[in-house]
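I opened a new notebook page for this structure.

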Amino acid sequence: MSLVSLADEPVFQITIPSKTQFLLSAGIPVLAVAPGEVGALVESAGAGLAAPPGDPAALARALTKAAAMSDQDLQAMATRATGPSMAVVDFFASVAFMVAFLPVVLRGFDGLPCVRPQALRAAVLLLRRVVPR
């Protein structure tokens, strides 16, 4: 299970960040500490657990529940993460966006050199997984 943590900001009420899409598309259950759509999507699909940001008691309950899950429970969540109910998560559109956005990651928004090795490494690893050789 992987953690997706988002601030309680208006933008996160109506969007599903790419990190969430990538995790679910890879069949990785998600513990969403996030407002709005992310937590609702993960829980309604049975692909993970959710807790609202800023609520440590809810997070503690979710972590306790996750710790008590069997391997079979986690595998069932992983299967549901890639199932038909997750069709709203368009992984390949997200990859296409990342590839198009990669020059900005490398050059920076203002055109100045701005190499971000972690972002580049993540994009390369992701592309190796999804692009046929």
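Before the first entry I note a term: helices are DSSP runs of at least four residues, numbered from the N terminus. I also note that this is a predicted model.

**Entry 1**

I looked just after H1. Gly 27 takes a positive phi there, of about 75°.

**Entry 1: the sheet**

In what order do the three strands form the open sheet? I read the order as S1-S2-S3, with parallel pairing. S1 and S3 stand at the edges with a single partner strand each, so one side of each has no neighbour in the sheet. On average, neighbouring strands are turned by 15° against each other, direction ignored.

Then I took the pairs in turn. S1 covers residues 2-5 and pairs with S2 in the parallel sense over four bridges. Ser 2 stands opposite Val 30, and Ser 5 stands opposite Val 33. From S1 the chain crosses through H1 to S2, and this β-α-β crossover is right-handed.

S3 covers residues 48-51, and its parallel pairing with S2 also has four bridges. Here Leu 31 stands opposite Leu 49. The chain goes from S2 through H2 to S3 in a β-α-β crossover that is right-handed.

**Entry 2: helices against the sheet**

I checked how the helices lie. H1 lies across S1 and S2 and runs at about 160° to S1. H3 packs on the sheet, where it touches S2 and S3. The direction of H3 makes about 165° with that of S3.

**Entry 3: the two faces of S2**

Are the faces of S2 covered or open? I found both covered. Val 30 and Ala 32 are buried on one side, and Leu 31 and Val 33 are buried on the other.

Nonpolar side chains tend to be buried together in soluble globular proteins. I went looking for such groups here. The largest nonpolar core has 13 residues, and Leu 24 and Val 30 touch the most other members. Helix H1 (18-25), strand S2 (30-33) and helix H2 (37-45) each give two or more residues to this core. H2 gives the most, with four residues. Another core lies apart from it and has six residues, including Leu 31, Leu 49, Ala 66 and Met 69.

**Entry 4: Thr 20**

I stayed with H1 for a moment. Its buried residues include Thr 20, Gln 21, Phe 22, Leu 23 and Leu 24. Why does Thr 20 count as buried? Its relative accessible area is 0%, and buried means under 20%. Thr 20 touches Val 4 and Val 38, leaving aside residues up to four places away in sequence.

**Entry 5: Ile 28**

Next I moved to the loop between H1 and S2, where Ile 28 lies. Ile 28 is partly exposed, because its relative accessible area is 29% and that class lies between 20% and 50%. Not counting residues up to four places away in sequence, Ile 28 touches Ser 2 and Leu 23. Ala 47 is 19 residues from Ile 28 in sequence, and their C-alpha atoms are 8.1 Å apart.

**Entry 6: Leu 63**

My last stop was helix H3 (residues 56-67), the place of Leu 63. Leu 63 counts as partly exposed, at 45% relative accessibility.

Definitions and conventions
Residues are numbered from 1 along each chain as its sequence is written. This is a predicted model: local features need pLDDT of at least 70, side-chain atom pairs count only at pLDDT 80 or more; totals for chains, interfaces and linings use all residues. Side-chain values use heavy atoms; hydrogens and water are left out. A nonpolar core is a set of buried Ala, Val, Leu, Ile, Met, Phe, Trp, Tyr and Cys residues joined through side-chain atoms within 4.5 Å. Buried means under 20% relative accessible area, exposed over 50%, partly exposed in between (1.4 Å probe, protein chains only). Two strands pair if DSSP finds at least two bridges between them. A crossover is right-handed if, with the strands pointing away from the viewer, the path from the first strand over the helix to the second runs clockwise. Contact means heavy atoms within 4.5 Å. Axes are lines fitted to C-alpha atoms, for helices over the stretch in contact, and angles run from 0 to 180 degrees between N-to-C directions.
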